[in-house]
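Let's take a walk through this protein together. Have the structure open and follow along as we go.

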Amino acid sequence: MRPVQDINAVLAQLDRELWVVTAADGKQRGGLIATFVSQASIVPEMPRVLVGIAKQHHTRKLIDASGVFALHLLEETKLEWVWRFGLQSGHGVDKLAGLAWQLGATASPLLSEALAWLECRVEARFDTGDRTVYLAEVVAGKKISAAKPLTFRHLLQLAPPERLAQMKALLVRDAHADALVIERWREGAKDR
Ligand SMILES: Cc1cc2nc3c(=O)[nH]c(=O)nc-3n(C[C@H](O)[C@H](O)[C@H](O)COP(=O)(O)O)c2cc1C
């Protein structure tokens, strides 16, 4: 048995920025909240990111169809974006409705009131069972404000109790679903 509590005590020290990931396929558009976003190159002329998106998400289908996506940092006053993009699925809902946005150079939706955005073009994708992990070239970016980006820990302090409960319930539900597909993926990996 692995010492899960010991492992989680280490991981609990980390904090992560919240990103709004948007994408469009020409007909539909959408987006989600993600913390699985990492800078993936130290070459200033070749910026890259790694982004992990759960396979069942609407946004994942848009990224696969278009091969591009945009990443946005948000400030703490934009908690509504966390509920809008992170607590409902875009299957049948236009999550960008009512927000100020425009299409960027890659034809990904850019949110005008973000702190900053990056436009990304997928270079490779990896199946990890529960997620598709995208390695993407960053082809454009803009820092709009110097305000501090919202992080997961800060969100936990700011969220009203009913939203916190909703978010935790969703994360627990998703974690159960992820555990099953990771197990299946590992079983398959033994035969690969
Ligand atoms: C704090 C937080 C962090 C999240 N991080 C990720 C993530 O890194 N990757 C991911 O695929 N989903 C993540 N999610 C879940 C999606 O944002 C959420 O399921 C969303 O509703 C999916 O929307 P879609 O089906 O319209 O794409 C996160 C949600 C929250 C609230």
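Leaving aside its neighbours within four places in sequence, which residues is His72 in contact with? Keep in mind that this is a predicted model. The list runs to Leu18, Trp19, Val20, Thr22, Pro109, Leu110, Leu111, Ala114, Ala116 and Trp117. His72 itself sits in strand S5, and with a relative accessible area of 0% it is buried.

In soluble globular proteins, nonpolar side chains tend to be buried together. Here the largest nonpolar core has 21 residues, and Val21, Val49, Ile63, Phe69 and Leu71 are those with the most contacts inside it. Two or more residues each come from S1, S2, S4, H2, S5, S8 and S9. Take Ile63 as a way in: setting aside residues within four places in sequence, Ile63 is in contact with Val21, Ala23, Ile53, Val68, Phe69, Val122 and Tyr134.

Ile63 also belongs to the buried residues of helix H2 (residues 58-66), along with His58, Thr59, Arg60 and Leu62. What covers them? The cover includes strands S1 (19-24), S2 (29-34), S4 (48-54), S5 (68-73), S8 (116-127) and S9 (131-143). After H2 comes Gly67, with a positive phi near 75°. Another positive phi, of about 70°, turns up at Ala107, although that residue is not a glycine. Look for Ala107 in the loop between strand S6 (101-103) and strand S7 (109-111), where it is partly exposed at 38% relative accessible area.

Now back to the cores for a moment. Besides the largest nonpolar core, with its 21 residues, there is another one lying apart from it, made of 19 residues, including Leu79, Phe85, Leu164 and Met167. Two of these names come up again around Leu155 in helix H4 (residues 152-158). Leu155 counts as buried, at 1% relative accessibility. Not counting residues up to four places away in sequence, Leu155 touches Leu18, Leu79, Val82, Trp83, Leu150 and Met167.

Charged pairs are the next stop. Side chains of opposite charge can pair when their charged atoms come close. The whole structure has 10 salt bridges. In one of them, Glu123 meets Arg48 at 2.8 Å, N to O. Glu123 is in strand S8 and Arg48 in strand S4, so this pair ties together parts 75 residues apart in sequence. Lys78 and Glu113 form another, at 3.0 Å. Lys78 lies in the loop between S5 and helix H3 (79-86), and Glu113 in the loop between S7 and S8, so parts 35 residues apart in sequence are tied together. Lys78 counts as buried at 16% relative accessibility, whereas Glu113 is partly exposed at 46%.

Arg131 and Asp178 also meet in a salt bridge, at 3.5 Å. This one links strand S9 with helix H5 (residues 161-191), across 47 residues of chain. Elsewhere, Arg60, Asp64 and Arg125 are linked in a network of salt bridges.

Let's finish on the surface. Ile7, Leu11 and Leu14 form a nonpolar patch there, with about 270 Å² of accessible area together. Leu11 belongs to helix H1 (residues 4-11) and is partly exposed, at 47% relative accessible area.

How values were computed. Residues are numbered from 1 along each chain as its sequence is written. This is a predicted model: local features need pLDDT of at least 70, side-chain atom pairs count only at pLDDT 80 or more; totals for chains, interfaces and linings use all residues. Side-chain values use heavy atoms; hydrogens and water are left out. Patches are made of residues with over 30% relative accessible area and no salt bridge: like charges are joined within 9 Å, nonpolar side chains (Val, Leu, Ile, Met, Phe, Trp, Tyr) within 5 Å. Accessible areas come from the Shrake-Rupley method with a 1.4 Å probe; for residues, only the protein chains shown count as cover. A salt bridge is a side-chain nitrogen of Lys or Arg within 4 Å of a carboxyl oxygen of Asp or Glu. Helices (H or I, at least four residues) and strands (E, at least two) are DSSP runs, numbered from the N terminus. Buried means under 20% relative accessible area, exposed over 50%, partly exposed in between (1.4 Å probe, protein chains only). Contact means heavy atoms within 4.5 Å. A nonpolar core is a set of buried Ala, Val, Leu, Ile, Met, Phe, Trp, Tyr and Cys residues joined through side-chain atoms within 4.5 Å.
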